[in-house]
Amino acid sequence: MAVSGSLQAGSSNRSLLESAASLAPEGVEVVFFEGLRALPHFDPDLERDAPRPEVEAWRRALSESDAVLVASPEYGHSLPGSLKNAIDWVIGTGQLYRKVVAITASVSYAERGRMGLQALRQTLEAVSAIVAFDAPIVKGPDADGEITALLRQIARAVEAARRDE
Ligand SMILES: Cc1cc2nc3c(=O)[nH]c(=O)nc-3n(C[C@H](O)[C@H](O)[C@H](O)COP(=O)(O)O)c2cc1C
């Protein structure tokens, strides 16, 4: 499953994910999760009431995926609030537990985006996800090669996780 941490139209992170979908090997289906914007702010009180359909859709999409690829901008030296909020919704329910997750950021220069990825990694480690890839990808002629390498890394991590089950 592909998740963009950016909600804006024309997002470069969204474009990166679209490239990943087109570069994915045969047999690998990349499904985009489009519901980040619709998730309510995490609130334990909502959790105790009837489950919200938007939250159920997010949890189901994670459960049905072998792996998750997140491409996200850095906002204020951290991860976007909407992405953190989405992760908060599965801390107690475990859909990211031992889930293979690759994280990247579409950037103009190699040194950009790293603090956002560091914060995202920290949050994913808190829910015991398996972080299979963690580096920004610079826009330009080498991007497709790096995305292909990232996809290989995900495939290897999924196989290793299956062996460990
Ligand atoms: C509110 C805001 C805060 C940002 N904070 C940072 C930052 O702390 N570090 C950084 O490298 N870029 C920062 N940026 C730049 C974005 O990470 C960059 O524009 C990114 O490419 C946007 O991704 P998108 O095209 O997928 O929306 C910020 C942008 C916005 C709008």
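Modeller: In this predicted model, two strands are said to pair if DSSP finds at least two bridges between them.

Biologist: What makes strand S2 and strand S3 a pair?

Modeller: Strand S2 (residues 67–71) is joined to strand S3 (residues 100–104) by 5 bridges, and since the requirement is at least two, they count as paired, running parallel. Within this pair, Ala-71 stands opposite Thr-104 in S3.

Biologist: Why are strand S1 and strand S5 said to stand at the edges?

Modeller: The open sheet has 4 strands in the order S1-S2-S3-S5, with parallel pairing; S1 (2–4) and S5 (130–134) each have a single partner strand, so one side of each is left without a neighbour in the sheet. Neighbouring strands are turned against each other by 20° on average, direction ignored.

Biologist: Which residues touch the most other members of the largest nonpolar core?

Modeller: Among its 29 residues, these are Val-3, Trp-58 and Leu-124, while helix H3 (53–63), S2, helix H4 (81–88), S3 and H5 each give two or more residues to this core. Leaving aside neighbours within four places in sequence, Val-3 is in contact with residues including Leu-17, Phe-33, Trp-58, Val-70 and Leu-83.

Biologist: Which residues does the second, separate core include?

Modeller: Leu-16, Phe-133, Ala-143 and Leu-151 are among the 20 residues of that core.

Conventions. Residues numbered from 1 in each chain as written. Predicted model: local features only at pLDDT ≥ 70, side-chain atom pairs only at ≥ 80, totals over all residues. Heavy atoms only, no water. Axes fitted to C-alpha atoms, helices over the stretch in contact; angles between N-to-C directions. Core = buried A, V, L, I, M, F, W, Y, C linked by side-chain atoms within 4.5 Å. Buried < 20%, exposed > 50% of the residue type's maximum accessible area, 1.4 Å probe, protein only. Contact = heavy atoms within 4.5 Å.
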